[in-house]
Amino acid sequence: MTSGERSGVPATRLGMTSLTSADIAHLRTGAQFLACTIDPTSTYIYAEMIQSAMVSGQVQLVDVESLDPEDLVVATGMVTQGLFIADMPPVGDEFLSCISAIETALSRKVQAVYSLAAASINGIVPLMVGLQSGLPVVDADPMGRVFPLISQTTLHIGEVGISPIAMMGVTGERAMVEAPNPQRAETLVRSLVTELGGWAATAMYPCTAGELRMHGVRGTVTRMIRVGEILDADESVENKYRRLIELLKAVRISRARVQHIESLSRPTGLGLPAQPSSMTLIDETTGQIIRLEIQNEILLVLVDGAVAAAVPDIVTLLSPEYGTAVSLDDVGVGTVIDVIAIPAAEAWYSAPGLELAGPRAFDIPLDHPRRNA
Amino acid sequence: MTALEGQKILHSSGSRAGSLAEAVDQTLAQLHSLLHNDPLRPVTEITADVGPLLQTRSPAEVVAIRVSPRPPADAFHSTSLPSNAASLVRRAIHVRGGHDVRGRELAPLGLEDFVAELPSIVATGIRNISITGVGSIAATAHEEAVADALLSQDSDMRITLSHGYFSNAFRDRDYTAILNSALSATGDELATLLERSCRRYFPSAALCYAKNDGGSGPLSLLSTTPVHGLFAEPAMRILGCATLTGVPDGEVILGEDQGVSVGLTRHGIPVASSLIRRGHGASLASNAAVHAPYTRNHLLAPDAVSVIADLRQSIGAPLPFGLKPTISIRDDVALVGCAAALLTGWIDRLESVVNEADLRRAQHLAEEDAQSMTVNLGAAPGNTRIIESSASSVAYSYPGIVRVRVRAAGTRAVADSEVK
């Protein structure tokens with residue numbers, strides 16, 4: 001998949017599409033599959049709220065190509081640092097307030113919203129924002145997956161500005177950040193989020209539809225829905241795997257049994273949320289030792305010490321018994337899982353992409369295998 | 001009723017009396033007569049699976065109190081509860097307050113406003129109250145302050161605080177606290193009934209109820225934590241089969257009339273998870289045995305020992321998936337599990353750590369606390385052990401926040417010849 005081009009998903013949803021309640025259910029599944037390390041409860045809660053709200057409104061999904069290239073579009077998403085979203089979901093006025101703040105700051109009307117990330121809670125939040133605001137949701141995002149830092153975007157690689165960033169926290173307090181450098185913006189936003197109560201609803205990366213088309217990752221909402229359609233289907237696990245691998249150009253690295261889970265497994269000096277942990281598994285067939293290095297996401301997969309996948313590759317887990325996404329919370333010693341690697345958007349394998357989101361960006365002293373390829 | 005001596009079923013019977021009290025009385029009288037009050041074979045422990053009764057009795061209505069920085073701004077942002085809990089909430093009250101994962105106050109507790117509401121709560125006549133606060137798994141103060149205010153108005157209220165039920169999700173704790181509160185009167189009634197009958201025939205036996213995790217707890221706790229006994233049956237079946245086959249560590253495959261399922265035992269106790277999930281809706285925050293449908297894709301560990309139990313009442317047809325039973329049981333194997341259940345205690349909490357030594361300290365302290373808890377439940381101090389202990393990072397949380405989860409189990413000091 002390339003930044004500025006459609007993902008591997010066939011372009012069957014050109015123009016504007018009204019999403020159905022079934023689409024939301026599938027998106028929920030896809031959003032969990034693409035970020036298996038994150039507790040899916042908040043995504044479930046949002047899907048349920050959206051499905052209830054759809055009784056009196058519609059979610060319009062729009063291809064970025066069908067927007068006027070000069071239309072103002074803005075990313076919406078949650079930034080967390082100290083409060084589980086599932087413990088205190090947004091009360092409902094946060095994102096509308098953020099969009100309004102962006103409009104005031106730029107003296108322009110926002111014409112559409114897009115996801116800050118194409119998985120987990122941030123993959124689904126904009127659909128509620130679209131329902132509430134009547135704005136269409138663009139079928140694109142600036143990560144093509146989830147990264148922990150708001151600076152880790154293809155828009156950053158494309159030198160699209162992150163500011164102004166509108167924020168509203170748990171208690172209803174608001175802030176606006178003006179910082180042209182996305183990495184500096186990340187530092188400021190993260191500090192503010194702590195003071196705002198542990199999470200903030202945000203609107204950021206205001207840009208034109210043309211810029212999003214050029215530098216965003218396209219088709220990623222549709223991709224989540226397609227993944228969900230496959231995983232939710234009443235068919236054999238083998239068929240699900242075949243269809244998933246075809247859709248995502250995925251690779252099954254190993255079917256392996258968990259032997260050991262270790263917290264605080266390596267030092268970290270970065271301002272990343274959460275501590276590193278590791279998981280050791282043994283391949284059911286070959287007996288090879290599989291090691292997963294985890295910090296918010298699965299960052300690295302080693303097979304007998306050799307790199308099999310590394311960030312920015314998307315690494316996720318499936319249950320070979322049920323063909324469902326496996327949440328990391330449900331994995332214990334003895335659990336058998338399939339370790340799946342999916343290529344990220346092509347922009348992430350460029351030199352600036354790997355600089356921003358390759359293994360070294362997460363304090364792992366390795367180069368991605370494609371670094372010098 | 002099933003009486004177990006070691007790993008052997010001593011006696012198994014049922015009763016068809018007119019009332020529950022009569023049935024309990026008849027059953028215990030039978031057992032008493034069977035054992036002739038033999039001093040060499042004393043009944044040391046009686047464990048009741050009250051789950052089926054809790055599920056069929058009408059739960060009471062509840063006043064649900066929710067503590068958070070702000071209430072939902074619109075109907076779309078209200079999280080929904082499963083219908084079996086939503087229909088029990090006569091009145092819901094929002095109180096300002098809550099904490100983040102580090103226990104930092106998000107908003108001052110709106111106690112004054114709440115106190116002004118107290119007369120109207122009392123006027124409902126409802127005495128079952130659930131209190132759920134944002135961040136209460138990290139800081140309990142706001143839930144406790146609201147409870148104190150309620151008790152100062154009416155000391156007879158049955159209050160369930162959500163922080164006793166670990167989940168990162170408010171709606172899971174809210175659901176669990178509401179259901180627990182709604183069942184507490186029934187739990188109290190059952191505990192009283194069982195206590196009265198058991199005391200008549202076996203005055204020195206310890207009385208317990210079977211828990212969802214495959215362990216047991218003192219009957220005296222049934223009125224305060226009935227929700228932990230609501231779905232004990234699958235766990236007790238797993239434990240029962242493992243006990244009869246003498247497999248403390250392995251897979252237990254249950255072939256029943258309604259289908260085939262699988263669970264695991266480790267150290268002689270069913271492996272448990274902290275939530276009872278119901279699809280994508282709210283989960284019950286109660287430790288419960290892992291119990292999943294068996295499929296043709298099931299992968300058995302190469303060195304694992306499996307129990308394949310044929311529990312079907314209809315004899316003759318082979319088990320599905322080509323499974324060959326290692327044991328066939330027509331008796332209620334869940335009752336064998338009840339008789340074999342150990343006292344179990346859980347510690348599940350968030351800790352803030354800065355390095356590995358800190359992490360180990362937090363985990364060690366949790367292990368000590370879990371063992372103390374098990375002793376408080378009735379285990380002999382030398383008879384407790386740690387069944388599982390983990391400390392895991394929480395993705396996208398505050399740096400240094402880990403979840404520490406420990407399970408301890410224990411027994412009373414018993415001799416081999418004692419009957420349970």
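**The largest nonpolar core**

Mentor: The largest nonpolar core holds 88 residues, and F33(A), Y46(A), I50(A), I124(A) and L127(A) touch the most other members. Such a core is a set of buried Ala, Val, Leu, Ile, Met, Phe, Trp, Tyr and Cys residues joined through side-chain atoms within 4.5 Å; buried means under 20% relative accessible area, exposed over 50%, and partly exposed in between, with a 1.4 Å probe and protein chains only. Helix α4 (residues 120-133) of chain A gives the largest share of this core, seven residues. Helices (H or I, at least four residues) and strands (E, at least two) are DSSP runs, numbered from the N terminus.

This is a predicted model, in which local features need pLDDT of at least 70 and side-chain atom pairs count only at pLDDT 80 or more, while totals for chains, interfaces and linings use all residues. Residues are numbered from 1 along each chain as its sequence is written, chains are lettered from A and ligands numbered from 1 in the order written, and side-chain values use heavy atoms, without hydrogens and water.

Consider Y46(A) in detail. Beyond its neighbours within four places in sequence, Y46(A) is in contact (heavy atoms within 4.5 Å) with P90(A), F95(A), I121(A), I124(A), V125(A), M128(A) and H77(B). Apart from this core lies another, of 42 residues, which includes A64(B), Y201(B), F202(B) and L284(B).

Four cavities of 30 Å³ or more are found in a search of the whole structure. On a 1 Å grid over the protein atoms alone, a cavity is a set of points where a 1.4 Å probe fits but cannot get out, and lining residues have an atom within 4 Å of a point; grid points are joined across faces, edges and corners, and the volume is the space filled by probe spheres set on them. The second largest cavity contains about 40 Å³ of space. Its lining consists of F33(A), Y241(A), L244(A), I245(A), L248(A), A250(A), L318(A) and I340(A). Helix α9 (residues 237-248) of chain A supplies the largest share of that lining, four residues. By class, the lining has eight nonpolar residues, no polar and no charged; Ala, Val, Leu, Ile, Met, Phe, Trp, Tyr, Cys and Pro count as nonpolar, Asp, Glu, Lys and Arg as charged, and the others, Gly among them, as polar.

Lastly, consider one backbone feature. Y205(A), in strand β9 (residues 199-208) of chain A, has a positive phi near 50° although it is not glycine. Y205(A) counts as buried because its relative accessibility is 0%.

Key: 1 Å grid on protein atoms, 1.4 Å probe; cavity = no way out; pocket = protein on both sides within 12 Å on 5 of 7 lines; lining within 4 Å.
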